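Please look over the sequence and the structure below before reading on.

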Amino acid sequence: MSWKLRVLISALLLSPAVALGLGLGEIRLNSALNEPFSAEIDLVAATPEELGSLEANLASNEVFSRYGLDRPSFLGSLEFTVGQGQDGRSVLLVRSRDAISEPFVSFLIDVSWPRGRLLREYTVLLDPPAMLSAAESPAAAGTLCTMWTWGARSPSRPRHRRRAHPQALRAQPA
């Protein structure tokens with residue numbers, strides 16, 4: 001087998017991994033009702049360069065309106081930072097300064113990096129601490145997520161735990 005053929009085969013085998021791009025995966029909830037919000041969102045297929053330049057924010061009021069979602073004032077206390085999860089993987093840490101007293105929390109995350117942009121909705125159910133059994137953690141609470149992507153690359157489809165209901169939609173930027 002010639003060296004050119006070997007290079008071509010290697011390039012074809014490696015290209016799917018490169019083409020996937022950065023994505024947001026499942027959310028793991030680490031808090032309960034009437035506690036400061038704490039969650040981790042998996043960063044899927046993120047390169048070190050993308051992690052270094054990644055910016056994540058709560059979407060603007062206009063974006064919430066465009067998708068027909070309410071933006072309650074308590075969402076303004078959410079902060080997004082890139083960090084390491086409990087398992088050592090790269091995650092987007094979502095924290096709030098204040099306790100959240102609403103049982104359902106829906107928010108849109110606007111993530112951008114030099115090679116793309118991603119908008120994703122997450123809805124989580126915050127169970128009261130007394131309702132959680134010793135075997136069940138806040139991470140087992142229900143989640144609903146919707147993803148909108150635009151840009152040169154789109155992420156791979158995320159995996160979800162039980163009670164998760166993903167929907168993927170393509171949207172054109174305004």
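**Basis of the description**

This is a predicted model, in which local features need pLDDT of at least 70 and side-chain atom pairs count only at pLDDT 80 or more, while totals for chains, interfaces and linings use all residues. Residues are numbered from 1 along each chain as its sequence is written, and side-chain values use heavy atoms, with hydrogens and water left out.

**The chain as a whole**

The protein chain contains 3 helices and 9 strands, where helices (H or I, at least four residues) and strands (E, at least two) are DSSP runs numbered from the N terminus. Followed along the sequence, their order is α-β-β-α-β-α-β-β-β-β-β-β. Of the 174 residues in the protein chain, 43% are buried; buried means under 20% relative accessible area, exposed means over 50%, and partly exposed lies in between (1.4 Å probe, protein chains only). The protein chain exposes about 9,800 Å², and carbon and sulfur atoms supply 56% of that area, with accessible areas taken from the Shrake-Rupley method with a 1.4 Å probe. A contact means heavy atoms within 4.5 Å, and among contacts in the protein chain between residues at least 6 apart in sequence, 55% join residues at least 24 apart.

**Strands side by side**

Two strands count as paired if DSSP finds at least two bridges between them. Strands S2 and S5 pair in the antiparallel sense over 7 bridges, and in this pairing proline 36 has alanine 99 of S5 as its bridge partner. Strands S4 and S5 also run antiparallel, joined by 7 bridges, and phenylalanine 80 stands opposite valine 94 in S5. The hairpin of S4 and S5 has 5 residues between the strands, and there glycine 88 takes a positive phi near 90°.

**The nonpolar core**

In soluble globular proteins, nonpolar side chains tend to be buried together. Here the largest nonpolar core has 33 residues, and those with the most contacts inside it are Leu24, Phe37, Phe80, Leu92, Phe107, Ile109 and Val111. The term stands for a set of buried Ala, Val, Leu, Ile, Met, Phe, Trp, Tyr and Cys residues joined through side-chain atoms within 4.5 Å. Elements that give two or more residues to this core include S1, S2, strand S3 (55-58) and helix H3 (61-66), while the largest share, 6 residues, comes from S6. Leaving aside residues up to four places away in sequence, leucine 92 touches several residues, among them Leu24, Phe80, Ile109 and Val111.

**Aromatic rings**

The structure holds 3 aromatic pairs. Rings of Phe, Tyr and Trp (its six-membered ring) pair if their centres lie within 6.5 Å, and planes under 30 degrees apart count as stacked, over 60 as edge-to-face and the rest as tilted. The rings of phenylalanine 37 and phenylalanine 107 have centres 5.9 Å apart and planes at 85°, so this pair is edge-to-face. The two residues lie 70 residues apart, phenylalanine 37 in strand S2 (residues 35-44) and phenylalanine 107 in strand S6 (residues 104-113). Phenylalanine 37 is buried at a relative accessible area of 2%, and phenylalanine 107 is buried at 0%. Ring pairs join Phe37, Phe80, Phe107 and Tyr122 into a cluster.

**Charged side chains**

Side chains of opposite charge can pair when their charged atoms come close. Across the whole structure there are 6 salt bridges, each being a side-chain nitrogen of Lys or Arg within 4 Å of a carboxyl oxygen of Asp or Glu. The table lists some of them.

| Salt bridge | N to O distance |
|---|---|
| Glutamate 40 and arginine 28 | 3.3 Å |
| Arginine 28 and aspartate 42 | 2.8 Å |
| Aspartate 42 and arginine 89 | 3.2 Å |

Aspartate 42 in strand S2 and arginine 89, in the loop between strand S4 (78-84) and strand S5 (90-100), are 47 residues apart. Salt bridges link Arg28, Glu40, Asp42, Asp87 and Arg89 in a network.
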